[in-house]
Every structure is written in structure tokens, then in C-alpha cells.
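Here is a short note for a colleague opening this entry. Please read the points with the model in view.

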Amino acid sequence: MIRKIAIKTAILFLLLVLMNEVYRRWFFESDLQQHSPVINLVRQVPVNSDILYVGESSNLTYRDDDFDKRPISEMLGDFYPGLVVSDITKPAAHAGIYKVLLQQVPDSASVSTVVVTCNLRSFNAEWIYSKLETALQKSMVLLHPGPPLFNRFLLSFKAYDIRSDKEREQQVLHALRNETFDEYAGVPYKNTLEWKDAVAPKWRSASNVDEATAILAGQYVITYGFQIDTLRNPRIRDFEDIIKLGKKRGWNVVLNIMAENTQKAGELAGEELVGLIRKNVRLLEEYYTRRGALVVNNLDMVADSCFIDRNWTTEHYTAPGRWKVAQNLASHLKKLYPEAYFDAQPVQPRPEAHFFNDFEGLSWWGRNETISTQTAWSGTHSSIVSKEKPYSAGLVLMGLWIPDTTRSKVRISFMYRILGNPVEATVVFEVSDGSNYKWQGVPLDKKEPGEWEPYTAVMSFPFDPGKVGKIKVYVYNPATAAVAVDDMEILFY
Amino acid sequence: MLFNNIEFVIFLPVVVIFYYLLPGRYRWILLLAASYFFYMSWKAEYIFLIVGSTLVDYFAGLRMERLPDCKSRRPWLLASLFTNLGLLFTFKYFNFAAGNLNQLFDSLHLSLQLPHSDLLLPVGISFYTFQTLSYSIDVYYGKQKAERHLGYFALYVAYFPQLVAGPIERFSRLSPQLKERHVFTYENLVNGLRLILYGLFIKMVIADNLSGFVDKIYAAPEQYGASDILLGILFYSFQIYSDFYGYSVIAIGSALIMGVRIMDNFRTPYLAKNIAEFWQRWHISLSTWFRDYLYLPLGGNRVSSVRWMVNILAVFVVSGFWHGANWTFLIWGGLYGIVYLIEKATGKLVPLPEQVKPFSPTHLLLAGKTFILVTLIWVFFRSQSLPDALEMFRLAFDWGRQPADSLQISSVTWWMMGLFLTTDIALYNTRFDEWVARRNTLIRWSIYSLIIFCVIVFAGVENFPFIYFQF
């Protein structure tokens with residue numbers, strides 16, 4: 001009987017090898033596109049890249065009134081005009097995700113340096129046990145090293161950390177209650193929750209402070225009031241693995257510790273919190289420097305006024321903030337590329353009336369997350385909009401950035417292609433006078449799937465030239481079926 | 001731990017290996033520990049409910065056996081009923097009862113308000129409570145000797161393959177098998193694996209892929225056109241069938257590897273000629289439970305016609321209520337009762353031949369009629385509330401609307417559905433392991449390869465727990 005089982009097992013093994021080949025040839029790619037589209041971020045990395053910047057939303061988040069809406073990675077390129085700087089940016093990602101993505105970078109790529117975003121918040125319980133984690137982990141399964149069929153088996157049998165939102169909340173609460181501070185932390189509270197409960201009421205009792213401030217003060221403690229345990233914190237090992245991978249692949253690994261709003265943290269939660277933030281950052285600097293990484297500390301680089309989110313704790317910076325981080329990073333990279341450094345200056349607003357975007361690179365226009373290689377009229381990229389991401393890459397600028405004489409009308413022209421049925425796409429011209437928004441929309445001519453079509457619309461400014469504030473031009477499509485937009489040209493006159 | 005999760009793929013072989021390595025007299029310890037571990041992977045503290053229910057029924061059984069007649073045994077039976085139905089009421093029906101009573105108080109302008117319970121429904125509570133109740137009732141009537149070994153009794157209550165969603169086994173059938181010192185046989189291993197493979201296919205490839213479409217339609221039917229809604233209603237028929245059938249087949253296969261034969265729970269129900277036959281083919285372990293412990297004690301068909309009709313309606317309504325604490329389940333059960341009675345009445349007026357040849361035009365016509373009825377009645381089962389169910393029907397037959405969205409169903413889904421329907425028809429009145437064993441080696445291995453490939457490559461990737469876990 002044992003012999004019989006052994007023979008059948010061997011046959012089964014051979015069949016699985018065959019199935020793996022069938023799967024790899026005919027099914028794997030469509031599965032990747034469906035379940036792990038993040039792979040496209042890696043594929044977009046040019047093979048001649050010298051510096052690869054890996055990050056999350058801190059890289060590409062901008063404020064509408066930023067003239068320069070480019071991500072940090074692109075600003076970094078200004079300092080090294082002779083080098084190719086590319087990026088892999090995945091919002092809400094962390095080192096565990098970067099690790100898997102970096103494993104996918106082909107050997108043929110000429111990358112010599114990998115800059116990895118090291119976000120202090122990604123070490124806290126809220127991020128480690130985030131509700132987004134299940135979906136993120138799921139999207140990584142097909143990318144693991146190993147035969148594609150085995151990875152698909154793991155995906156089918158849910159071999160990743162599946163937890164409901166409620167379970168995630170319980171995990172966070174458990175960590176906040178049970179992860180304590182030692183003497184080094186110098187915090188007079190038993191755990192983060194106790195600390196939060198001590199801070200928020202102080203603000204509530206202050207007569208001139210609203211509830212939102214008290215909530216924010218508590219949130220600062222929840223976000224930063226933790227002590228990194230190098231033995232148990234999963235992020236520690238993730239970054240270590242990236243450094244090991246870097247050594248294996250011959251990359252210089254740079255850990256770019258992001259700026260946090262220490263000014264606000266001090267104001268709202270006290271210097272104890274700022275002290276703990278600094279201790280954690282120092283620990284990371286020392287820990288990873290010992291392991292051979294170049295660590296760049298941006299902690300205090302960005303002033304409070306340059307943080308975009310005023311009511312939450314994030315690393316989203318306005319253009320001057322992103323520039324500061326890029327500048328500091330660039331100055332540290334001089335150690336690796338002393339000859340290539342150029343003392344770049346920030347882009348200044350200049351009155352202009354004509355704008356064009358072929359969506360081939362991340363531009364300062366904004367909403368770059370819709371840019372895809374799925375189809376294109378010119379080049380390889382276009383902006384694709386559907387229910388998931390209904391606003392196309394479009395122009396967002398302040399009225400004072402266009403000449404006074406050109407604030408009467410706008411001509412919007414682009415190429416578009418309907419990719420499914422039905423679409424409800426509209427070209428939108430949105431203008432504010434500082435307090436009111438006026439919105440004009442013109443539907444696309446065609447509604448049926450087909451080839452690329454030209455489109456042109458002319459609309460008038462709803463306010464006097466002197467009153468024009470923020471201007472937005474984009475395509476809006478809330479339908480499930482997608483529409484692709486390319487070569488957008490906007491002329492104010 | 002779900003049958004279609006990686007944990008079970010590791011758990012089952014480990015249990016099976018140790019099961020056969022251990023001497024027979026110690027196996028119950030392994031199986032009981034494995035069963036409790038299996039259950040505790042959901043919510044560890046709820047294991048106390050199973051242990052409590054086990055202890056009460058174990059001691060009630062012992063006490064009842066020592067007493068001479070039903071009258072003197074009654075307090076112990078009531079203790080068992082009170083414990084098991086009390087657990088069910090507390091965890092499953094309390095909020096339903098409180099909500100309806102609060103509405104009643106409001107309408108009577110009374111200031112009384114019962115609180116809402118935040119207790120999570122323990123997985124499989126309806127299954128194991130009914131399983132232990134059948135034991136207590138059998139001991140009460142003297143049909144079953146009380147079990148003296150607490151460990152074996154606890155294992156009967158918690159045996160992991162069928163713990164959380166059945167089949168609901170009788171003590172007289174399952175317990176002797178759990179005590180038997182099974183030897184490892186190649187035949188049991190292969191048949192068990194065949195069943196598990198087929199169960200995984202219909203759960204992971206069919207049910208899990210359909211559930212995405214069904215969830216969309218039931219979540220926002222107003223977004224979709226009439227044809228999509230009808231498709232969603234149709235898909236739910238196949239989703240719930242493949243989901244529950246898949247679970248049952250995996251349970252049967254898992255037990256079979258260890259030499260334990262669990263009863264079949266499904267026999268191609270959508271080819272039933274009428275509702276009576278449908279319930280002989282759908283969730284057989286529950287239907288027979290209600291027949292033996294409710295319908296027959298109520299008098300069965302040896303009563304007046306009116307009383308019989310009342311009995312039929314009562315059984316179906318209670319069966320509906322067993323599924324869930326919602327008016328939709330009561331209506332779902334009640335509708336089956338009504339259709340059953342109508343079919344009985346029309347059967348007398350227009351008698352059909354005694355034997356309808358399988359797949360003859362008469363059979364197909366009758367099966368089509370039954371399937372349409374069952375599919376429409378499922379709408380009440382799936383909807384969150386009665387108004388939602390009625391809205392589904394209204395929208396499903398409103399052909400004049402402009403839908404805001406449409407279902408995008410991939411060709412792979414249609415191919416898989418076709419494959420499932422083909423196998424289901426081929427398996428009419430037979431089981432997959434028996435059917436496949438009759439094929440020659442080449443066909444057998446082709447079937448294995450196809451199913452393995454489909455399970456790995458076309459399985460739905462969202463985590464949809466088995467539908468019947470919520471009951």
C-alpha cells in the first residue's frame with residue numbers, strides 16, 4: 001500500500017509541475033493584474049535607473065495650491081540631473097510591502113541605490129494592525145518567491161493574515177494596553193492608552209479649546225507614544241531584510257526617516273512625547289547604521305505649517321516640505337554620488353496660460369495615481385478613470401499663476417477612449433473665488449467603447465479675472481466602465 | 001479555521017497521521033483535543049458553551065437511563081432542552097425577541113424597553129445543540145442507552161469534521177464509529193480525498209466566485225437592471241447549494257479518511273420533482289431531525305387532515321426559524337409549507353406516474369418547476385429584511401428601468417458553472433467518490449487534474465466563510 005501511495009504521489013507531483021507551467025504561461029499574468037496590480041509599479045521602473053525611491057503616500061501627496069505638485073522622488077532628481085531617479089510608490093505601504101516589491105526588481109535593472117521610506121508611524125500598533133493590512137498582504141501573495149502555481153495555491157487557500165476589521169481593532173487595542181514603557185523611554189505612564197487618557201482631558205478642560213483639538217492631542221499620543229521593541233516589532237525585521245536584500249543585489253540601501261510634526265506633538269501632547277519620538281528615531285538611526293544602511297534623519301526638517309493634514313497625524317507635506325526632505329536626502333546621497341550632485345533650487349510659480357500633459361511621467365499636475373500603461377494615445381501612459389478612481393489626472397492651480405489677461409475662457413482638448421459600457425464621463429472646469437466653488441461640466445461626446453477620439457470644449461470663467469482663486473480641470477467618471485484620457489492640452493485666454 | 005484555509009490543509013493531515021499512529025484506546029483524546037482546538041480557532045471562550053452543553057446532556061442522559069419511565073425522566077429531559085434551547089435563545093434569538101417585543105411595547109405606548117445583546121453568535125451553535133438534543137430525546141424515550149464515557153460523549157458532540165455545520169448526526173450512528181479502532185485503508189484515504197477535492201471545488205470555485213455577484217445584487221439591487229437581478233437570484237441558488245454541499249462533502253471526506261462514515265447531506269436537490277422530494281435531498285440530516293423529533297411526535301400523518309396540515313406548516317416554520325432569527329426565515333419556512341401542501345393537493349387532483357424515469361421530459365419539467373420555486377423562495381432567505389425581499393421581487397420584474405451598473409461576469413465563471421452543473425447532473429443519486437471510482441484510470445486522473453487545477457487557479461480569493469456557519 002505504501003508503494004501504491006508513493007507512486008500516486010509521484011504522479012501527482014509531476015502533474016503539478018505540468019500545471020505550474022500551464023498556469024505560468026496562460027493564467028499567471030492576468031492573475032497578477034487582477035490580484036497584485038502593484039507589480040506594475042515595479043515594472044514601470046526604467047531598467048537604466050540609478051536611484052530607486054520606494055515610498056508611500058508621503059511621496060506623492062500634495063496640496064492643491066502647491067505650484068510644484070511633484071513627488072519627493074522627482075524633486076530628488078533635480079539634485080542629480082545626470083542620474084535616473086525612479087520610484088515605486090504605494091500608498092499605505094510599509095517595509096514589509098517594500099521588501100516584497102524590491103524582490104521583484106529585475107536583475108537587469110542598473111539600480112545602484114535604493115532609498116526606502118522609513119516612516120516612524122509604520123512602527124506603531126495602528127499601522128502594524130491596520131485594517132488595510134489584510135488587503136495589502138493579499139496583494140503580495142502572488143509576488144512571493146516560488147513557483148507561480150504554489151503562490152496561487154496560497155492565495156486560493158488564504159495563506160495570509162486574514163482578519164476582520166473588528167479583529168484588527170482588537171489587536172490595536174490590545175497592543176495599546178499591553179505594550180509598556182521601560183526606563184529608557186522616560187514616560188510616566190504604564191501604557192499608551194493611559195497616556196492618551198491623561199493628555200486628552202487636559203485639552204477638554206481648557207475652555208478655549210474645541211473637541212477636535214482634544215481628539216488630535218490623543219491621536220498624537222496613540223500615533224507616537226510607543227517604544228520600538230527591536231526584538232518584537234515586525235517592521236524592524238522588514239527593514240533588516242531589505243538591507244540584506246540590498247547586500248545580495250549590490251544596492252546601497254538608504255533609509256529615509258521621514259519628518260514628523262514634532263512641533264505640533266510638543267504643543268498638544270508635551271515634550272515627553274517629542275522626547276520619545278527622538279529616542280525612537282535615534283534607535284532606528286543607530287540600529288540600521290550598524291547594519292550597513294545609510295540612514296537619513298529628516299525628523300525635524302519640516303515646519304508645522306508645511307504639514308497638509310491639520311487634524312490628523314501624517315507625513316503629507318506641502319511643496320516646500322517635500323523639497324526640504326528631498327534636499328536633505330540629496331545632501332546625504334552626496335556620499336555615494338559626489339560628482340553627480342547639483343545644487344538645485346525649488347520651482348517657482350511663473351505666469352503661464354498654456355499647459356500640456358502627455359501623462360508619460362509623474363507631473364506637477366496632480367492625481368497621478370490614475371496614470372496607467374493599460375492604453376495610450378501617445379507614448380505608453382494615459383490617465384484612466386472609473387468608479388474606483390473617478391477623477392482623472394488634471395490641472396490644479398491657483399488663478400494668480402496664470403496671466404491676468406487670460407482669465408476669461410479656457411479651451412480644454414484631449415484624446416479619449418471609452419473602455420467599457422456604460423460610462424458617464426464629464427469634462428469639468430471648476431473655479432473658486434476663495435469662498436465659493438463654481439462647477440461646469442460637459443459630457444463626453446461618445447459613450448460606447450471604441451478607438452481614440454479627439455475632444456475639445458470651451459468654457460468661460462464664472463468670476464471676474466481679479467476674483468479667480470483655485471482652478472481645476474479634469475475628467476470625472478463615476479461609472480464602473482473606464483475611460484482613458486491622454487495628451488491633455490489646456491489653454492486659458 | 002475554515003476547510004478552505006491553509007490552516008486546515010495542515011491541520012487535517014497532522015490529525016490523521018497521529019490518529020493512525022496512536023493506539024485505538026487513546027484516539028478519542030486526540031480527536032477531542034483536535035476538535036476543541038478546531039472550534040477555539042474562532043472564538044476560544046465559546047468552547048465553554050460546548051463543554052457546558054456536553055456536561056448537562058451527559059449527566060441528564062445517565063440520570064434518565066436509571067429512571068423507569070418517561071414521566072420520571074421528564075425533569076432531566078427538560079434540563080437538557082432548557083440548556084440547549086436556552087443557549088440558542090440567548091445567543092441567537094434574544095435580539096429578535098427583544099426587538100419585536102419593544103415594537104409591541106411602543107405600539108401599546110408602554111415605556112418598557114428590552115436591551116440589545118452584543119453577544120456574538122457562536123459558530124455552529126444550532127448544529128451541535130440539535131445533535132445533543134437528539135441524544136437526550138432518544139435516551140428519554142429509551143431508544144438509546146446513555147453513554148458512560150464522558151470523553152466519547154464529548155467527542156460525539158464536538159467531532160470536528162461536522163461540528164460547525166453538520167451533517168447533524170445521531171448518537172446511535174456516530175458514536176459507535178468513533179469508538180471503533182479503525183485501521184488505515186487505502187480505499188478510505190482515496191475516497192476521502194476525492195470527496196474533499198470535490199467539496200473544495202464547489203465551495204472555492206463555484207460558491208466563492210458567485211458570492212461576489214450575489215452580494216453586489218443584494219446590497220444595492222436598485223443599481224442593476226431586471227435581468228441582472230434575476231441572474232443574482234439564480235446565482236444565489238447555486239451559491240448556497242455549492243457552499244453548503246461543499247462543506248458537507250469535505251466534512252464527510254475528512255471523517256472518511258479516519259474510517260468514520262458520516263451521513264450524506266445532499267442528493268442533487270435541484271433535480272427534485274417536488275418540494276417534498278427536495279427536502280429529502282436538501283440538508284437531509286436536518287430534514288430527518290425535524291421529521292423524527294418534531295413531525296412524528298406531533299402525530300405525523302396519522303391525524304386529521306387539518307391537524308396534519310398544521311403539523312406540516314409548523315415543521316417548516318420551525319425549520320425556517322432554526323436557520324435564523326428574522327421574519328425572512330419564518331416566511332421562507334412558511335412558504336415551503338404552503339407550497340408543500342399545494343403540491344400535495346394538486347398531486348391528488350392530477351396524479352403523476354408512480355415512477356418518473358430520470359431525465360425524462362416529465363422529470364425535467366417537474367424539476368424545472370421545483371427549481372424555479374426554490375430559487376424564488378431563496379430570496380426571502382438571502383434578504384436582510386422582508387421589505388428588502390419584496391423590493392428584490394419588484395425590481396426583478398421591472399424591465400423599464402435604466403440601470404446605473406451592470407454585472408461583469410467573466411467567461412471563466414460561466415465555464416466553471418457549466419462544469420459544476422455537468423458534474424451535478426452526472427452525480428444524480430450517486431456520490432462523487434463512488435462515481436469517479438467507476439471510471440478508468442485515465443479518466444479518473446484527468447478528472448483529478450482538472451479539479452485540482454480549477455481549485456488552485458480559479459478559486460475565489462475573497463474570504464467568504466461557509467454560509468451555514470452563521471446558523
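Where does A:Asp64 lie?

1. A:Asp64 sits in the loop between helix H4 (57–60) and helix H5 (72–79) of chain A. Helices are DSSP runs (H or I, at least four residues), numbered from the N terminus.

2. This is a predicted model: local features need pLDDT of at least 70, side-chain atom pairs count only at pLDDT 80 or more, and totals for chains, interfaces and linings use all residues. Residues are numbered from 1 along each chain, chains are lettered from A in the order written, and side-chain values use heavy atoms, without hydrogens and water.

3. Leaving aside neighbours within four places in sequence, A:Asp64 is in contact (heavy atoms within 4.5 Å) with A:Lys69, A:Val396, A:Lys470 and A:Lys472. The side chains of A:Asp64 and A:Lys470 form a polar contact of 3.5 Å. Such a contact is a pair of N or O atoms within 3.5 Å; within protein, one must be able to donate a hydrogen and the other to accept it, and residues adjacent in sequence count only if both atoms are side-chain atoms.

4. Now the interface. 28 residues of chain B are in contact with 30 residues of chain A. Nine residue pairs between the chains are in polar contact, both at pLDDT 80 or more. On the chain B side, H18(B) gives the largest share, seven residues.

Key
Helices (H or I, at least four residues) and strands (E, at least two) are DSSP runs, numbered from the N terminus.
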